[in-house]
Amino acid sequence: MPGGYMNDPIVSFRDVSKQFDEHMAVDHVSFDVKSGRIFGLLGPNGAGKTTSIRMMTYILKPDTGSIEMFGQPVGPETQKKLGYLPEERGLYKKMKVGEQLVYLCRLRGLSRNEARERIRYWLERFGAYDWIGQEVGELSKGMQQKIQFVATIAHDPDCLIFDEPFSGLDPINSEMLKQAILELRDQGKTIFFATHRMEQVEQLCDDIALFNNGKLILHGDLSKIRSSYGHNSIRLRFSGDSKFLNDIENVRINNRSTNYAEIRLLDGADDQDILRRAQDHVRIHAFELVQPSIQEIFIDSVSK
Amino acid sequence: MIQKQKLLLIIQREYLTRLKSKIFIVSTILAPLVMILLLVLPTMIQVLSGERDRQFMVYDETGTVGNELVANDSVYYRLTESLPEELRQSLIRGDIEGFLVIPHEILDGKGQASFYHGGTAGMTVTSRIRSDVQRIVRNIRLDRVDASQEVRTILADRVQMENLTISEEGEEEADSGFYMFLGFIMGFIIYGAMFGYGAVIMRSVMEEKTSRIVEVIASSVRPFELLMGKVTGVALLGLTQFVIWAVAGALLLMAAAPLVTIFMGGNGEAAQMAEASSEAAAFSVPAISPFLWIGFVLFFLLGFLVYSALFAAVGSAVDQESDSQQLQLPIIMLIIIPLMFLFPVSDDPSSTMAISLSMVPFFAPILMPVRMAVLSLPFWQVGGTILLMILTFVVLIWMSSRIYRTGILMYGKKASFKELWKWIREN
């Protein structure tokens, strides 16, 4: 599959808007997504991520604007090439794992035999093949999450959409999911990834789109965006009384805890001055000048 | 626009998973048993309580009537010398069940026999005693005047009346009692089925919503396809259940008919034989026209479709069953209203009220089969109603799918009627 759509955008939003009552859920949004990338849809709850995804999956229709996928308007045909893991997850509790997965694959256009083959592969891969004859409701939550993941990818879609994929996952399943996502990306699949927990996506995303109040406030290649900000942030690890941080002027402090702080330098702030003041008050374990975090970029963009 | 293959897949899933479910198997077996029990129980109770040996004292002033009564049934009647006042006392004490006073002048066509009992004697007992006394008194009086056999026959004869229904195929003998009964049963079965299958649809929509699978499904098919698939699948399930019941019922009737005759013909005496045979005639099933069967199945199906569209909309608008009560209320009212008109409509099925009520698409599934059972209806009424119901279904399923499409994505809040209306109008 890699190479197929390498240069053309896989998904493009053209001036898309969606309104619920008086509320603009998505407000004139345009962006392109290229294949083989992990694309992060980021923003606080209610920013318009899920609505955008629902329009991409043809569950909702935009009020204005258009969405294209694989070069055609979204619709029943593009739905077949999608794997979607919604934020609200679930399966038919009374249906057996195997029957259910076959049903979901066939709804996406696979033949019964193709579906069986793929399901077998993925279930074996996750060590879940023994559950094939069990009702989903009888499985533990962790097991159900694995089955749900198989349901999302088993029909071998070119484009995968994960809405808050890590919420409710235990660390083991979380890591498993992360590895699987990276592997799928390496196979050339395009992956969408929506979350409000921005620190989660720093290691995963190639591109990002930042949403706030339905508007797209920033999008593009994550590393380019970050380097455009320069090394204007400090990561400080320390022990001692952190009160001195309150007195520093012309900075914004993020992710502050009892022994850690991210300090964004604003106009007129000098990193060496901050280092000296820190030395006077606490023991310093680490002091590093870095590019800003996504959260910092988000806050910065919103405040502009 | 509908993708046939996906629709078929959905229908298949909705049908097969339910066909294999315990609830389907259990309800297929239990529902007719409950029905039979409800029909048979009253008769059985009557028969069982009738088994009890009852005895009534007879204080006879005529000297003949009492003897005849005892000769007729020596367990039921017993002559006594005690005076009515003494009998009254023992009745109060509970020593006897009741007593009969036959005055002297009754043989002269004057006065009246009196039957005393504690509490209520029951209809069967009273009517049996009355007919026994009447028959005996009449015979004695006829003997006194040396009435000829001819006169006796005339007196004993009942005027026969045929009950004929004229239809386009000609005339047929009809037992309107039986057909009324049949119509009632059909009406009630459809009533139960609409509630039962409506609830199946509603729960199924709610289950998909609460288990959160619906968003995954909605990313593969249109909500309208999912809804149509569900409704069709469950309708097929209902048909399957009806076919199973019909086949089982036909087999049972074939097996039961000879049994009934044997059972009824079992009593030796001539008078009872005559009675029994007339009862057996009432029990033997008069021909049921195939049109009635077709109408019954058709109105069940259409009724199911109309109401399932409504129930599906309710299911999609709520998160849990307890929230559904308020939204269900108008639907339940619509189903119950025709039940209240069941008697007047079957009593006078050609009245303007009966015609117009039975043509209302929401009432038709119950009232039309009832009318079809007792009357052969003009084509325009049946055909027109079917057309109206199909139109109603199309409008409702369209409205419902619009509610559904929004409702399935709404979590955590219960929609009001106002909101539902807004969802319908939204584009």
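What follows is my list of look-ups, roughly in the order I made them.

**Ground rules.** I'm working with a predicted model, where local features need pLDDT of at least 70, side-chain atom pairs count only at pLDDT 80 or more, and totals for chains, interfaces and linings use all residues. Residues are numbered from 1 along each chain as its sequence is written, while chains are lettered from A and ligands numbered from 1 in the order in which they are written.

**Chain B overall.** I started with the secondary structure of chain B, which comes to 17 helices and 6 strands. Helices here are DSSP runs of H or I with at least four residues, strands are runs of E with at least two, and both are numbered from the N terminus. Of the 427 residues in chain B, 31% are buried. Buried means that 20 or more other C-beta atoms lie within 10 Å of the residue's own, exposed means 12 or fewer, and partly exposed is in between, with C-beta atoms placed from the backbone. I also looked at contacts in chain B between residues at least 6 apart in sequence, and 70% of them join residues at least 24 apart. A contact needs the two C-beta atoms, placed from the backbone, to lie within 7 Å.

**Where the chains touch.** How many residues of chain B are in contact with chain A? I found 16, and they meet 20 residues of chain A. Helix H1 (4-19) and helix H8 (214-218) of chain B each supply at least two residues of that side of chain B. By class, the side has 7 nonpolar, 5 polar and 4 charged residues. For these classes, Ala, Val, Leu, Ile, Met, Phe, Trp, Tyr, Cys and Pro are nonpolar, Asp, Glu, Lys and Arg are charged, and the others, Gly among them, are polar.

**Cores.** Next I went for the largest nonpolar core, which has 140 residues. A core is a set of buried Ala, Val, Leu, Ile, Met, Phe, Trp, Tyr and Cys residues joined through C-beta atoms within 7 Å. Leu42(A), Ile161(A), Phe192(A), Phe193(A), Ala309(B) and Ala312(B) have the most contacts inside this core. Helix H11 (residues 290-317) of chain B gives the most to it, with 16 residues. There's also a second, separate core of 16 residues, including Tyr59(B) and Ile106(B). Back at Ile161(A), I skipped its neighbours within four places in sequence and still found contacts with Ile53(A), Leu82(A), Tyr84(A) and Phe192(A), among others.

**Sheets in chain A.** I traced one open sheet of 4 strands in the order E2-E1-E4-E5, with antiparallel pairing. Two strands pair if DSSP finds at least two bridges between them. Strand E2 (23-34) and strand E5 (72-73) of chain A each have a single partner strand, so one side of each is left without a neighbour in the sheet. Further in, strand E1 (residues 9-20) and strand E4 (residues 64-69) of chain A are joined by 5 bridges, and Phe13(A) has Ile67(A) as its bridge partner in E4(A).

Another open sheet of 4 antiparallel strands runs E12-E13-E11-E14 in chain A. Its edges are strand E12 (251-257) and strand E14 (283-290) of chain A. Strand E11 (residues 233-239) of chain A pairs with E14(A) over 7 bridges, and Phe238(A) is partnered with Ile284(A) in E14(A).

**Helix pairs in chain B.** How do helix H16 (residues 379-407) and helix H17 (residues 417-425) of chain B pack? Their angle is about 105 degrees, with the axes 8 Å apart. Axes are lines fitted to C-alpha atoms, for helices over the stretch in contact, and angles run from 0 to 180 degrees between N-to-C directions. H16(B) and H17(B) are therefore roughly perpendicular. The cut-offs are under 35 degrees for roughly parallel, over 145 for roughly antiparallel, 65 to 115 for roughly perpendicular, and oblique for the rest. In this contact, Met399(B) and Ile403(B) are among the H16(B) residues that meet Leu420(B), Trp423(B) and Ile424(B) in H17(B).

Helix H14 (residues 352-359) and helix H15 (residues 364-374) of chain B have axes that come within 7 Å and cross at roughly 135 degrees, which makes H14(B) oblique to H15(B). Their contact divides into 6 nonpolar, 1 polar and 1 charged residues.

**Two single residues.** Buried or partly exposed? Val374(B), in helix H15 of chain B, counts as buried with 25 C-beta neighbours inside 10 Å. Leu334(B) lies in helix H12 (residues 324-340) of chain B and counts as partly exposed, with 17 such neighbours.
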